[in-house]
Structures are given as structure tokens and as C-alpha cells.
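Subject: A structure to look through

Hi there,

Here is the structure I promised to pass on to you. Have it open next to this email while you read, and take your time with it.

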Amino acid sequence: MKIKKRIDPFFWIAIFSTVTVVVFILFPLIEMVVQPSFQDLKETIQDPDVVRSIWLSIYTSGLAGLISFIIGTPFAYLLARKDFFGKKLVESIIDLPIMIPHPVVGIAILGLAGKNHWLGNLMQQVGIQIMGTVTGIVTVLTFVGLPFYVNTVKTGFETIPVRLENVSRSLGASLTKTFFRVTFPLAWRAMLVGIIMCCARAISEFGAIVIVAYHPMIAPVMIYERFTAYGLKYSQPVAVWLIAVCLVLFFLLRIISLQKETEA
Amino acid sequence: MIEIESLRIELPGFVMKDVELSIQDGEFFTLLGPTGAGKTLVLESIAGVTPITSGRIWVKGRDITHLPPEQRGIGIVYQDYALFPHLSVLENITYGLRYHKADPQESRKWVSALIEQLGLEPIVKRSVRYLSGGEKQRVSIARALAVNPSVLLLDEPLSALDPNFREDIRDVLKRLHQEVKITFLMVTHDFADMLFLAQRTAILNRGKIEQVGSVSDVFERPATPFVADFLGMKNVFPATFEGARAIVDGLKLRLETPPGDCKGHVAIRSEDIIIRKDRISENGMSVIQGKIAEIVDRGLFHEVSVNTGKVVFRSTLSKRDLFSLKLSEKKDVYIAIRSSDIHAL
């Protein structure tokens, strides 16, 4: 006798919602990617301005990731390991850049960098220019990307039992040596994922950048400019190239981080 | 020697207070108590990985209270092994060597001796990820001893192991302790482990030490009702004392020696309560009539509750005794207790 399996209605709801979400995200992107002709794509990538802006996007985001790695790692470690007065407050502060509207971030940073502010004044005296410079772009991208790095790496540190560090110290290793011999080798994958998250967030930034540094033009600004000046047809190919380059880069980084996981 | 003076540790919702302990050089000492008693906290405060509120800790005459863990020379073995997962067995064992100024040749000899003693030669090159629980615990013991600590702290080292590995590691610990002559301080909640391994013990409950003494002393003469109950005495009753007699709810029980106080508790192990069908009294025995209230099958033995009117005594009987006495519920029986088996607390 055949047993008829009864399928719970929730299963169908789950299937429906999965399909909806996937189509909702993929459909516009796929349409955008397939709309430009091969000729358009070829011409676009031969345009030195496009190549320059995509390259600028990538390396400023990469720098934001690197800076987050350097200044965010000890901070994430502290958050993961220590309880202190006001910890919850510090944790909410780190999340602020995620919540603030992007143009507001730009305005806030410009407010500091201007001549009317003592900090801006000081920076200009030592030759640091934020408005319309690569320095400005990297500052903004670090500001928006840092929370993603810190939160990812904090979670990574939390998964490493504190007992491993206790044992290392009982065996004679100082806190610093313990960090480099035990914690870092176990957390570097989380750091790499954190850098990927930070870069991904940075490369998509637009709202704050148009305020702080419209020029030199990063890719999202160029896409916007081409759209307003020439329309959809001219902005789409640049977007396709940006997406393609980012996909390849993130894919490679993911492979590096996953490969080791299966090895270990 | 480890000396702990007025140790106090305050955590949210838990206070460990007035811990005074003195542990001799080369001793095997256990901290025994139920979960949440604060045993691990005492251990971690000696290791220096838990901040203490006040008090002092000396090891071999050196005040280590404010020293960082890496300067204390104290090894630690955890229940969950805490092996470094990214290192091999050998790399784990030799992890601490570079921080200790020992003659390299000497330490190499010492490490190979440890590896041999713990039977780790076949696995030294392996990753620690795929070892059995017993192997992992051997590695973690070897790693802690490799740097020749003055004290080895063991935090429930047997709890996470399968029964067959448990006995094995227990034997290993006993043998190693006799060979390396290092002070072993072990936290456990299992008094069988304490009986097998330790020379002296402290019993902890809710952040306080209830009793300190030699294992036989604590086992024979528990100082408080908690200790008696924790060490498996199923019969602990409040009592008043009149000379060498204890009165429990009107029942008179003979004691071997008169206790100092006139009020307290008596504790009797269930295996020391003898059940008989006839009133046969021997010298120095208390014999009481009662009715069997309940017989509970515990697998290897039966637990028999005898109601003597006001007091219910619990006795354990082997299956054979149960059948030869032809006991059943509601039957009239006599219980006999030797005066030496009644502990006045």
C-alpha cells in the first residue's frame, strides 16, 4: 500500500517566500546585466575613465578593509573578551554608522574637515585634505565599513574558548604571545570574512561619497553621473563591469577562507 | 605548598567567601562539591585567570596573588581538554617549553619520558582534532606537565570521558602523581574519584568550605549534614545528645563516644543499616522495630525504606539478601545499627 505523505501548508509558504525573495533580488540584476549589448560592454571597458573609477572603487574599499583590520581587531577582541561598564553603549556606538542615513555621514565628516573646525584646521596645516580627495573617500568608506568588520570579528573571537588562552598563559605565554600563537591562528578566517564584509559595504557606498568627494569619481558616482547625464543605456555597462569585478574578487577571497576550513 | 588566605571572589549572583586552604607539597588534594559550589573559581583564582576580590595566595612561599598567569608556574588541565586545535599533538605538548629556561636537552628528555609514560608515541604527529576523549586528556596532561609546573590544577578531568576512558585516566593520574612528585589539586563532584585519588580534600558548598581533612576523616566523620549527605549518607537526622546517646524524634540510638554538643545531627550510611526478621541484639547495637515502607529496585541493589513510627531509615540490600530475607512491603522487620556506624555531627 502506498502511504500518502501529508505536507504541511507551512512548507508551501516557505517555498513561495524563498522563490519570491530570490526572484526579487536576482531579476532586476539579471535584467541589468543582460540588457547592454556586447558592443556596449566592450566600448565601456576600453574607456580609461571607467577603468580608473572601478580601480579607484576597489582600492579605496580595500584600504578601508585594511584600516578596519588594523584598528578594529584589538577593539573586537576587547568586546569579545571583557565585560566593562558601558559595554552595551560602546556596542551600540559601533552600530551607529549602519543606521545613519548615508548623506548624513558625509555631512558629519565634512563638518569636521572644514576650516571652521579646529580638527579640519589642524589637518589642513599638516596637509591632509578630505574634501574631494582619495583620503576623503577612504575616510568615508572606513566609517561605513568598520562596524561590519568589528561585529564579524567579535563573533569570531567569541567562538574561541577563553580556556585555550588561559592554558596558553599558564604555560608561560604572555597575553600578546598568546594572541599571536593561539587566538590569531584560530580567528584569521573570521578576520578575512570581516574584511570581505567591510569591503562589500564600502564598495556600495554612494550617498556619503557624493558629499565628501564627488571627484575623483568612484564607480557608483560615475554610474550615477552617466545616468543623469546620458540615461540608462550609458550607466548600465559601467554597473555591469563593477558587479563583475566585485564578484570575481569576493569569490576569490571566499575560496581562500573556505579552502582552509575544510583542510583543518 | 599552596596557602590560600581569606580568599573572596564576588561575581554577579555569586560570592565565594573566606576560603582558607593549606595544601602540602606533593599532596593530591581534591576540592569536592556539587555544581555551582565555586570549585572551579578557586582553581582559576590560583591559576590567575579569574580576578579575585580580596585575599592572598602563596605557592612555595611566593606571594602570587598579583602575578599574571604566565609567571605563576602553575599548570592547568580542563575537563574539555582545551587543546590548541591548530597544532599537532607534539606541538601542543611542547607549546610552553620556549618560555621556560630549562636545559633543552633535559626538557627534551622530560617530554619524551612524559610521552612514553602516557602512551602517546603512536599519535604525536597527529592533529588533535581527531583524537578520542581519553587521548585528548592524556595530551592535555602531558602539555601541562611538560613545563614542570610546581602545581598541577585539574578541573574535573574525568567528567567528560566515557566510563572506560575514565578509569584509564584515573589510573594515569594516580601513577603520574606518585612519579612526578608535583602537587595535584583536582576539582571534582564525584566522591569515588576523591576516594581513589586524593590524600586530603575540602568539601565546598555554595561558595563556602564545609570541611577540610584527610579523605578517610571526611568520609568517616562528616562535619556537617551537607557533607554527610553529599558523601552518600542517606540517613541524616537532627538529633539531641544525652551522654553517649542520640535522640532522634524520641528514638534512642547508641553512640560510640559522647559528642561535645547537646544538639546536632546524626548520619548513617544506608549500607550500615542492617535489616533482620528477628530481634537479635548484640553488644553496642541499637535495634529498632519498624515496617517496610518501600522497596525500590536500583539495578545492582535494592533500596529499602523502613518506617519506625516517626523516623524512616533507608537501607541498601543486595538482591540476594532481599530474596533470602523474603522481604516485601508492609512487612514487620527490625533494623540494627552498630554504634560505630552512627556519626554524630
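What percentage of the 345 residues of chain B count as buried? The share is 38%, where a residue is buried if 20 or more other C-beta atoms lie within 10 Å of its own, exposed if 12 or fewer, and partly exposed in between, with C-beta atoms placed from the backbone.

Before the rest, a word on how to read this. This is a predicted model, in which local features need pLDDT of at least 70, side-chain atom pairs count only at pLDDT 80 or more, and totals for chains, interfaces and linings use all residues. Residues are numbered from 1 along each chain as its sequence is written, while chains are lettered from A and ligands numbered from 1 in the order in which they are written.

**Chain A**

Let me begin with chain A, which has twelve helices and zero strands. Helices (H or I, at least four residues) and strands (E, at least two) are DSSP runs, numbered from the N terminus. Of the 264 residues in chain A, 34% count as buried. The C-alpha trace of chain A spans about 85 × 65 × 35 Å along its principal axes. For contacts in chain A between residues at least 6 apart in sequence, 78% join residues at least 24 apart; two residues are in contact if their C-beta atoms, placed from the backbone, lie within 7 Å.

Two places in chain A deserve a visit. Helix H6 (residues 118–125) of chain A has eight residues, and the number of them that is buried is zero, so this helix lies largely in the open. Just after H6(A) comes Gly127(A), with a positive phi of about 90 degrees. The other place is the loop between helix H10 (207–212) and helix H11 (219–230) of chain A, where you will find Pro216(A). The peptide bond leading from His215(A) to Pro216(A) is cis, and its omega is near -10 degrees.

**Chain B**

Chain B contains nine helices and 20 strands. Its C-alpha trace spans about 75 × 45 × 35 Å along the principal axes. Of the contacts in chain B with a separation of 6 or more, 67% come from residues 24 or more positions apart. Chain B is divided into domain 1 (2–220) and domain 2 (239–344), with bounds that come from an automatic or database domain assignment. The C-alpha centres of these two domains of chain B lie 40 Å apart.

Now for a sheet in chain B. Six strands make up an open sheet in the order E6-E7-E8-E3-E9-E10 (chain B), with mixed pairing; two strands pair if DSSP finds at least two bridges between them. At the edges stand E6 and strand E10 (208–214) of chain B, each with a single partner strand, so one side of each has no neighbour in the sheet.

You can see both kinds here. Strand E7 (residues 151–155) and strand E8 (residues 183–188) of chain B run parallel and are joined by five bridges. In that pair, Leu152(B) stands opposite Phe184(B) in E8(B). Strand E9 (residues 200–205) of chain B pairs with E10(B) in the antiparallel sense, over six bridges. Asn205(B) has Lys208(B) in E10(B) as its bridge partner. E9(B) and E10(B) form a hairpin with two residues between them, and Arg206(B) in the turn has a positive phi of about 45 degrees.

Tyr81(B) is buried, with 24 other C-beta atoms within 10 Å. Ser6(B) sits in strand E1 (residues 2–11) of chain B, and Tyr81(B) in the loop between strand E6 (74–77) and helix H2 (89–93) of chain B. Neither is a glycine, yet phi is positive in Ser6(B), near 45 degrees, and in Tyr81(B), near 70 degrees.

**Where the chains meet**

Finally, look at the contact between the chains: 17 residues of chain B touch 15 residues of chain A. On the chain B side, E6(B) gives the most, with three residues. That side divides into twelve nonpolar, four polar and one charged residue. Here Ala, Val, Leu, Ile, Met, Phe, Trp, Tyr, Cys and Pro count as nonpolar, Asp, Glu, Lys and Arg as charged, and the others, Gly among them, as polar.

Enjoy exploring!
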